[in-house]
Amino acid sequence: MQAYQVFTSIIAVIFFLFVIVLIRRDSILMGAAFRWLVLALAILVLGIYPQLADIAAQWVGIAYSPILPVIMACLLLMLKALIADIERAKTQVKLDRIAQKLAIVEMELDLVKKKQN
C-alpha cells in the first residue's frame with residue numbers, strides 16, 4: 001500500500017463510520033440515510049481502492065483520471081441542492097396550508113366569541 005492509499009483509506013473509513021453513527025442515532029432522516037449510506041460505501045471503496053477511479057475513467061473515456069471523482073462530487077452536490085430545493089418547496093406549501101387553516105380556525109373562533117357576547 002502506498003502512502004496516499006493509506007491516507008485515503010483512513011479518511012474513507014472515518015467518514016463511513018461517522019455516517020453509520022449518525023444513522024444509528026437517527027440524526028439523519030430515513031429518506032436521506034440511504035443516500036448517505038450509498039455515498040459512504042462508494043467513498044469507502046474508492047478510498048481503499050483508488051485504482052478503481054483510474055479504471056472507471058478509462059472506461060468512460062476521461063484522460064485525466066483524478067478528475068472523475070471531482071466531477072462525480074460536483075454532480076452529487078448539484079443533485080443534493082436540487083433535492084433540498086424540492087423538499088423546501090414541499091415544506092413551504094405545507095406551511096402555507098397550515099397558516100391558511102389556522103387563519104380559518106381563528107376567524108371561526110372570533111365568530112363564536114362574538115355570538116356569545
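Let's start with Ala63. Its relative accessibility is 85%, so Ala63 counts as exposed. Ala63 lies in the loop between H3 and H4. Before I go on: this is a predicted model.

Stay with Ala63 for a moment. How far apart in space are Ala63 and Asp110? C-alpha to C-alpha, the figure is 71 Å. Along the sequence, Ala63 and Asp110 are 47 residues apart.

Next, helix H1. It runs over residues 3-24. Check its length. There are 22 residues, and at 1.5 Å a residue H1 should span 32 Å. The end C-alpha atoms of H1 are 32 Å apart, so expectation and model agree.

Which residues of H1 are buried? They are Gln5, Ser9, Ala12, Phe16 and Val19. These five cover an arc of only 100° around the axis, which means they sit on the same side of H1. The background is simple. An α-helix has 3.6 residues a turn, so residues three or four places apart point the same way.

The face directed away from the buried side carries exposed residues: Ala3, Phe7, Ile14 and Phe18. Arg24 also belongs to helix H1. With a relative accessibility of 71%, over the 50% cut-off, Arg24 counts as exposed.

Asp26 is found in the loop between H1 and H2. Look at its backbone. Asp26 has a positive phi of about 60°, although it is not a glycine. Why point that out? Most residues other than glycine have a negative phi. As for the surface, Asp26 has 59% relative accessibility, so it counts as exposed.

On to helix H2, residues 30-48. Same length check. The 19 residues of H2 should span 27 Å at 1.5 Å a residue. Its end C-alpha atoms are 27 Å apart, so that agrees too.

In H2, the buried residues are Ala32, Ala33, Ala40, Leu44 and Gly47. How wide an arc do they cover around the axis? Only 110°, which puts them on the same side of H2. The face of H2 turned away from that buried side carries two exposed residues, Gly31 and Phe34.

Now a contact between helices. The structure holds 1 aromatic pair. Phe15 and Trp36 form it. Their ring centres are 6.4 Å apart. The angle between the planes is 55°, and the pair is classed as tilted. Why tilted? Because edge-to-face needs planes over 60 degrees apart and stacked needs them under 30.

The pair links distant parts of the chain. Phe15 is in helix H1 and Trp36 in helix H2, 21 residues apart.

Next, the surface. Which residues make the nonpolar surface patch? Val45, Leu46, Tyr49, Leu52 and Ile55. The patch has an area of about 450 Å². Two elements each give two or more residues to it: helix H2 and helix H3, which covers 51-60.

Ile55 is found in helix H3. At 53% relative accessibility, Ile55 counts as exposed, because the cut-off is over 50%.

Last stop, helix H4, residues 67-116. Ala84 is found there. Its relative accessibility is 32%, so Ala84 counts as partly exposed.

Ala84 and Ile14 are 70 residues apart along the chain, and their C-alpha atoms are separated by 25 Å. Arg24 and Ala84 are 60 residues apart in sequence. In space, C-alpha to C-alpha, Arg24 and Ala84 are 22 Å apart.

To recap. Phe15 and Trp36 pair up between H1 and H2. H2 and H3 supply the nonpolar patch with two or more residues each. And Asp26, in the loop between H1 and H2, has the positive phi. That's my tour.

Methods:
Residues numbered from 1 in each chain as written. Predicted model: local features only at pLDDT ≥ 70, side-chain atom pairs only at ≥ 80, totals over all residues. Heavy atoms only, no water. Patch = residues over 30% accessible without salt bridge, like charges linked within 9 Å, V, L, I, M, F, W, Y side chains within 5 Å. Areas by Shrake-Rupley, 256 points an atom, 1.4 Å probe, with all protein chains shown as cover. Salt bridge = Lys/Arg side-chain N within 4 Å of Asp/Glu carboxyl O. Helix = DSSP H or I, 4+ residues; strand = E, 2+ residues; numbered from the N terminus. Buried < 20%, exposed > 50% of the residue type's maximum accessible area, 1.4 Å probe, protein only. Phe/Tyr/Trp six-rings, centres within 6.5 Å; stacked < 30°, edge-to-face > 60°. Expected span 1.5 Å × (residues − 1). Arc of directions from axis to C-beta.
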